[in-house]
Amino acid sequence: MIVRRELPDDQAAVRAVIAQAFTRDGEDPIEARLLDELRADVGWLPRFSLVAVSAGDSRGEVVGHVVCTRGYVGDAPALGLGPIGVRPDRQGQGIGQALMNAVLGAADALDEPLVALLGSPAFYGRFGFRPSTEFEITPPEPDWADYFQVRPLTAYVPTSGVFRYATPFEGL
Ligand SMILES: CC(C)(COP(=O)(O)OP(=O)(O)OC[C@H]1O[C@@H](n2cnc3c(N)ncnc32)[C@H](O)[C@@H]1OP(=O)(O)O)[C@@H](O)C(=O)NCCC(=O)NCCS
């Protein structure tokens with residue numbers, strides 16, 4: 001399994017993986033529609049759209065995907081992570097962890113200061129995420145509490161304020 005940047009030919013497979021990862025009753029999940037809307041948004045950052053592919057070559061089958069899009073803490077640029085998903089038959093095999101480490105490494109290398117996400121502290125704490133309030137960063141929705149987490153990177157400079165995702169997240 002390798003992690004690489006998404007290529008134009010991967011888009012349909014990526015959408016299918018995210019839909020399969022999040023569907024509860026066979027319906028098209030909101031996360032797949034969010035991905036569609038993010039792609040069309042000014043906040044879409046192709047360099048942070050990564051796929052995990054199952055074969056040993058770069059054209060292998062897509063089994064996981066992660067993306068970060070442009071967000072802000074107050075007026076300061078930051079990254080919002082999500083959706084992240086792994087095909088159900090390949091979950092629990094370290095693919096989500098590989099995607100997280102790859103996208104955090106890319107963000108750090110490209111001098112992004114901070115990555116934010118909404119999710120389980122039990123899963124994301126292992127990647128250095130902490131509740132945003134520890135950094136005086138207010139979640140977009142105050143009742144998200146400790147589920148809204150941030151991971152400061154090397155270029156991080158303390159900046160307090162409300163986190164704002166790319167616009168399509170607001171419709172969730
Ligand atoms: C969450 C997800 C991306 C993780 O990817 P993965 O390849 O299954 O995870 P890995 O194999 O790298 O890591 C497995 C570890 O993560 C934990 N984990 C996986 N999903 C979790 C979740 N939703 N909440 C808490 N812990 C979770 C597992 O318990 C396991 O922990 P352990 O190593 O202590 O046993 C994947 O399971 C998935 O697509 N889930 C459905 C969609 C989803 O919930 N996306 C995230 C929304 S925030």
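Which residues of helix 2 are buried? This and the exercises below use a predicted model.

**Exercise 1. Find the buried residues of helix 2, then work out how they are arranged and what they pack against.**

Step 1. List them. A32, L34, L35 and L38 are the buried residues of helix 2.

Step 2. Look down the axis. These buried residues fall within an arc of 155 degrees, so they line one face of helix 2.

Step 3. Recall the geometry. An α-helix has 3.6 residues a turn, so residues three or four places apart point the same way.

Step 4. Name the partners. The buried residues of helix 2 pack against helix 1, strand 2, strand 3 and strand 4.

**Exercise 2. Do the same for helix 3, and say which residues are exposed on its other side.**

Step 1. Check the span. The 15 residues of helix 3 (residues 95-109) should span 21 Å at 1.5 Å a residue; the end C-alpha atoms are 21 Å apart, which agrees.

Step 2. List the buried residues. They are I95, G96, L99, M100, V103, L104 and A107. Their arc is only 160 degrees around the axis, which puts them on the same side of helix 3.

Step 3. Turn to the other side. There, G105 and A109 are exposed.

Step 4. List the packing partners. The buried residues of helix 3 pack against strands 1, 2, 3, 4, 5 and 8.

Step 5. Look past the end. D111 follows helix 3 and has a positive phi, near 60 degrees.

**Exercise 3. Trace the pairings of strand 3.**

Step 1. Start with burial. Eleven of the twelve residues of strand 3 are buried, so strand 3 is largely enclosed by the rest of the structure.

Step 2. Pair strand 3 with strand 2. The two are antiparallel and share six bridges. A52 stands opposite G64 in strand 3.

Step 3. Pair strand 3 with strand 4. Nine bridges join them, and they run antiparallel. V66 stands opposite I84 in strand 4. The hairpin of these strands has two residues between them, and G74 takes a positive phi near 60 degrees there.

Step 4. Pair strand 3 with strand 9 (residues 161-164). Two bridges join them, again in the antiparallel sense. Y72 has R164 in strand 9 as its bridge partner.

**Exercise 4. Classify V63, E61 and D89 as buried, partly exposed or exposed.**

Step 1. Take V63, in strand 3. V63 has 23 other C-beta atoms within 10 Å; the cut-off for buried is 20 or more, so V63 is buried. Its contacts beyond four places in sequence include V17, A52, V86 and I95.

Step 2. Take E61, in the loop between strand 2 and strand 3. E61 has 13 C-beta neighbours inside 10 Å and counts as partly exposed. Beyond four places in sequence, E61 touches V53, S54 and A55.

Step 3. Take D89, in the loop between strand 4 and helix 3. With 9 C-beta neighbours inside 10 Å, D89 counts as exposed.

**Exercise 5. Describe the shell around the ligand.**

Step 1. Locate the suppliers. Helix 1, strand 4, helix 3 and helix 4 (121-124) each give at least two residues of the shell.

Step 2. The shell has seven nonpolar residues, nine polar and no charged.

Terms used
Residues numbered from 1 in each chain as written. Predicted model: local features only at pLDDT ≥ 70, side-chain atom pairs only at ≥ 80, totals over all residues. Helix = DSSP H or I, 4+ residues; strand = E, 2+ residues; numbered from the N terminus. Expected span 1.5 Å × (residues − 1). Arc of directions from axis to C-beta. Contact = placed C-beta atoms within 7 Å. Near = placed C-beta within 6 Å. Nonpolar A, V, L, I, M, F, W, Y, C, P; charged D, E, K, R; others polar. Pairing = 2+ DSSP bridges.
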